[in-house]
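Me: I have just opened this one and would like a short tour. Could we begin with a pair of charged side chains?

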Amino acid sequence: MSEQGLNRRRLLASAAAVGGLSLGLTAVPAGARAASSARTRRAAATWENIIEKTSFSSWTAFDQEWNHLYPWDGDADTHNGAARMHAGQVSLSQGVLTLTATRLSSADGTSPHQPFAPLWYRSGAVHAKDQIIVNDQFPEYDIEGEFSTQTGPGIWPAFWTTGTWPAWPPESDILEFVGDSTNLFNTWNKTSSGDEGEEEGEDYFVTRAQVAVATSTAWHKYRVWMYKEGDDVMLDYYFDGEWVATHRGKNWAGVPQRLILNLQMGSYASGLDGPGDAGWATQLPGPTGDTHFRARNVWVGRTRAW
């Protein structure tokens, strides 16, 4: 979800050229997979809940643990897509949070974030009030949720963490669909992590695993387990309870991060890089009606060492 001049279309094309990871299992040795799958939590008494699974049960519960919009100062209603965020696009019903993106009759200005897309959609974003800091005091975090989302050209839902704005990376994409039905488990670093298959960009290194989700509108569980290893943070990614991949967050220990849930639209998810592309002015292809991204049972827990 970075806005650092990232060409998402180039990134996805590069992933396809590598051959795709289809559940991400071919990128990690069998021994590492077994170790990750067998990992167990520390004693229950050391764990504490940061976000309860009931936080979407009412607006009172929501307000205790979540804020609307993005977590950065200034222009918190926009990011790197073609949607401006509004609290009115966020709804709650029977424990389910729904973000709705609505196509407008004309663009609502232009995003101030690269690649400066015309804002043809009104949508929703929320972020957790508590920060995530993996360190000696809190050496493990478990972040998970159940999600149902439409996917396809122009649709860009995400459940992710990012370094406190404007520090980027780190970033962990737990759920991210960028214009198709393949979920991207991405880990972004400032310096190389040494992960197999890692790619270098202008100001980042990224390791990713892909999961094709043919039934994205059905409920699926997405999860990352973060745990401290020296100055680094290891990230175990899971889909529907099955381990997918383990990535290394280089020098992430002690770095505060924010947890975000948002429904972006257009831009890279429409295969558009900038004004030179056909369709840029209208941010199409993309939905012409409403698009929905739903979440339930979102939970964050952590270990406390003292």
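This is a predicted model: local features need pLDDT of at least 70, side-chain atom pairs count only at pLDDT 80 or more; totals for chains, interfaces and linings use all residues.

Reply: Glu144 forms a salt bridge with Lys53, and their closest N and O atoms are 3.9 Å apart. A salt bridge here is a side-chain nitrogen of Lys or Arg within 4 Å of a carboxyl oxygen of Asp or Glu. The two residues belong to distant parts of the chain: Glu144 is in strand S8 and Lys53 in the loop between S1 and helix H3 (59-65), 91 residues apart. Helices (H or I, at least four residues) and strands (E, at least two) are DSSP runs, numbered from the N terminus.

Me: Which residues are linked with them in a network of salt bridges?

Reply: The network links Lys53, Asp142, Glu144, Lys221 and Arg223. A search of the whole structure finds 14 salt bridges.

Me: What does Arg248 pair with?

Reply: Arg248 forms a salt bridge with Asp232, the closest N and O atoms being 2.9 Å apart. Arg248 lies in strand S16 (residues 242-249) and Asp232 in strand S15 (residues 232-239), so the pair ties together parts that are 16 residues apart in sequence. Asp232 is buried, with a relative accessible area of 8%. The side chain of Asp232 also meets that of Lys250 in a salt bridge (3.8 Å, N to O). Lys250 sits in the loop between S16 and S17, and is partly exposed at 30% relative accessibility.

Me: Changing topic: which strands pair with S18?

Reply: Among them is strand S1 (residues 47-51), which pairs with S18 (residues 290-303) in the antiparallel sense over 4 bridges. Two strands pair if DSSP finds at least two bridges between them. Strand S5 (residues 96-103) is joined to S18 by 7 bridges, also antiparallel, and strand S8 (residues 140-149) pairs with S18 antiparallel over 8 bridges. Opposite Thr303 in S18 stands Trp47, and opposite Gly301 stands Asp142.

Me: What about the nonpolar core?

Reply: The largest has 59 residues, of which Met226, Leu259 and Leu261 touch the most other members. Strand S17 (residues 257-265) gives the most to this core, with 5 residues. A second, separate core of 7 residues includes Trp47, Trp225, Tyr227 and Trp299. A nonpolar core is a set of buried Ala, Val, Leu, Ile, Met, Phe, Trp, Tyr and Cys residues joined through side-chain atoms within 4.5 Å.

Me: Last one: what is the mean pLDDT of the chain?

Reply: The mean is 89, and 85% of the residues reach 70 or more. pLDDT is the predictor's confidence in each residue, from 0 to 100.

Notes:
Residues are numbered from 1 along each chain as its sequence is written. Side-chain values use heavy atoms; hydrogens and water are left out. Buried means under 20% relative accessible area, exposed over 50%, partly exposed in between (1.4 Å probe, protein chains only).
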